[in-house]
Amino acid sequence: MNPALNHIPPGIFCAQDYERLAADFIPHPALLYIAGGSARETTLRANLDAFENPCIRPRLLRDVSAGHTRLSLFGRALLHPVLLAPVAFQTLAHPLGETETARAAAAMDTVMTCSTLSSRTLEDVARAAGTEKWFQLYFQPARAVTLDLIHRAEAAGYTALVVTLDASIRSPGLASLRAGFQMPDDAQAANLVGYPAAKPVQRETLTAEQSAIFQGGMAHAPHWDDLAWVLANTRLPVLVKGVLRADDALALARMGVTALVVSNHGGRTLDGAPASLAVLPEIRAAVGEDYPLLLDSGIRSGADIFRALALGADAVMIGRLQVYALSVAGALGVAHMLKLLREELELCMAQAGCATLAEIREISIRWREAAKAVP
Ligand SMILES: Cc1cc2nc3c(=O)[nH]c(=O)nc-3n(C[C@H](O)[C@H](O)[C@H](O)COP(=O)(O)O)c2cc1C
């Protein structure tokens, strides 16, 4: 495996080219862990397939010479709608891990989202990041630990909490298991060091009627009252990530969640869940036009971003592409990948006759009507 370069290698013509090159920079079993989805990878494939449709029908003779990609997302002024999703254990891809990604995000005016399971501490990541940085929160078995993580994120200057709710228990990525992947010692969850070790329910303590899944793995999974408790215990805006249903979206919006991330975790949790893009129109319809919605899972190009915005997202988050670019050229690679995505989006907008993100939205209503036919 090659160490990351300090320059952009030849042969990168679009953001997705980093996916191909990453195979030379990330050891094979770790690459399978990053690239893979859960179980039979039905959802992983569905995410990518969903972006093959719908087609983008260009409007002619429109003046886009004053075009831009600026937006306001729950009061934050952003230069473009391309944010970095939380991705755990980034030292799998680069020895400096998340601090490199954070430097790239700062350089590109992009929101960096630091995972609870980052391999650098949230404080180190915050120091490398720009002003707009979010902390992704996984509930911990002990509320005191969850609360301490929230307080640390606030003290470190994070500007929002992203509470991920779709991964209380994961189904394994079979390809990486079969390849013998094990998390290396230097890619552990740095934020959790020093807390009392969570005691998983031991299988041998379960009775014959009990299940290793329900009474074991899900014993400490959060419920609605736990989310209400987070809302009551932070001064930061709270986003919820992992939403795939209109009824959940509406309930979350009504309880005071600031924004939602329509996501299936990049196909890494419930295999069989729909593509995020497929459910986006019904979620937008449920929460109304003004409620902030983000989308991730399967975005590989600027045209994919255009489609997501046209179907109802205000902004998107990028998962795997950030790790691939990180492995190839560290912060420089991530910054370059983001620049390429932004330019691809701008090119797509210009060719489609859209000068602003709002104009992408204008054509969305017709698309969403058409999308209702999609199961
Ligand atoms: C290796 C890896 C680790 C991830 N770790 C986290 C995590 O710690 N927290 C989280 O909310 N999502 C995590 N995700 C999911 C991403 O935030 C995002 O939802 C997903 O990668 C988007 O799909 P994409 O990779 O197709 O862009 C992870 C994804 C990958 C590939």
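In this predicted model, Ile169 is partly exposed, with a relative accessible area of 34%, and it sits in the loop between β6 (160-164) and α7 (174-178). Together with Ile213, Phe214 and Met218, Ile169 makes a nonpolar surface patch of about 380 Å².

| Side chain | Ligand atom | Distance |
|---|---|---|
| Tyr138 | nitrogen | 3.0 Å |
| Thr164 | oxygen | 2.7 Å |
| Lys241 | nitrogen | 2.9 Å |

Taken alone, the ligand exposes 600 Å², of which the protein buries 98%.

The salt bridges are considered next. Side chains of opposite charge can pair when their charged atoms come close. The structure holds 16 salt bridges, and one of them joins the side chains of Arg300 and Glu19, at 4.0 Å from N to O. Arg300 lies in the loop between β9 (293-295) and α12 (302-310) while Glu19 lies in helix α1 (residues 17-21), so this pair ties together parts that are 281 residues apart in sequence. Arg300 counts as buried because its relative accessibility, 8%, is under 20%, whereas Glu19, at 28%, counts as partly exposed.

A further salt bridge is formed by Glu123 with Arg152, whose closest N and O atoms are 2.8 Å apart. This pair also links distant parts of the chain, with Glu123 in helix α5 (residues 122-128) and Arg152 in helix α6 (residues 143-155), 29 residues apart. Glu123 is partly exposed at 23% relative accessibility, and Arg152 is buried at 17%.

In the salt bridge of Glu346 with Arg342, the closest N and O atoms are 3.3 Å apart; both residues lie in helix α13 (residues 320-352), four residues apart, which is about one turn of the helix. Glu346, at 34% relative accessibility, and Arg342, at 25%, are each partly exposed. Elsewhere, salt bridges that share partners join Arg284, Glu289, Asp314 and Arg361 into one network.

Finally, the backbone deserves a remark. Most residues other than glycine have a negative phi. Glu41, however, has a positive phi near 65°; this residue is found in the loop between α2 (28-35) and α3 (42-50) and is partly exposed, with a relative accessible area of 22%. Phe74 likewise has a positive phi, near 30°, and lies in the loop between β1 (71-73) and β2 (76-78), where Phe74 is buried with a relative accessible area of 17%.

Note on methods
Residues numbered from 1 in each chain as written. Predicted model: local features only at pLDDT ≥ 70, side-chain atom pairs only at ≥ 80, totals over all residues. Heavy atoms only, no water. Polar contact = N/O pair within 3.5 Å; in protein donor to acceptor, adjacent residues only side chain to side chain. Areas by Shrake-Rupley, 256 points an atom, 1.4 Å probe, with all protein chains shown as cover. Patch = residues over 30% accessible without salt bridge, like charges linked within 9 Å, V, L, I, M, F, W, Y side chains within 5 Å. Helix = DSSP H or I, 4+ residues; strand = E, 2+ residues; numbered from the N terminus. Buried < 20%, exposed > 50% of the residue type's maximum accessible area, 1.4 Å probe, protein only.
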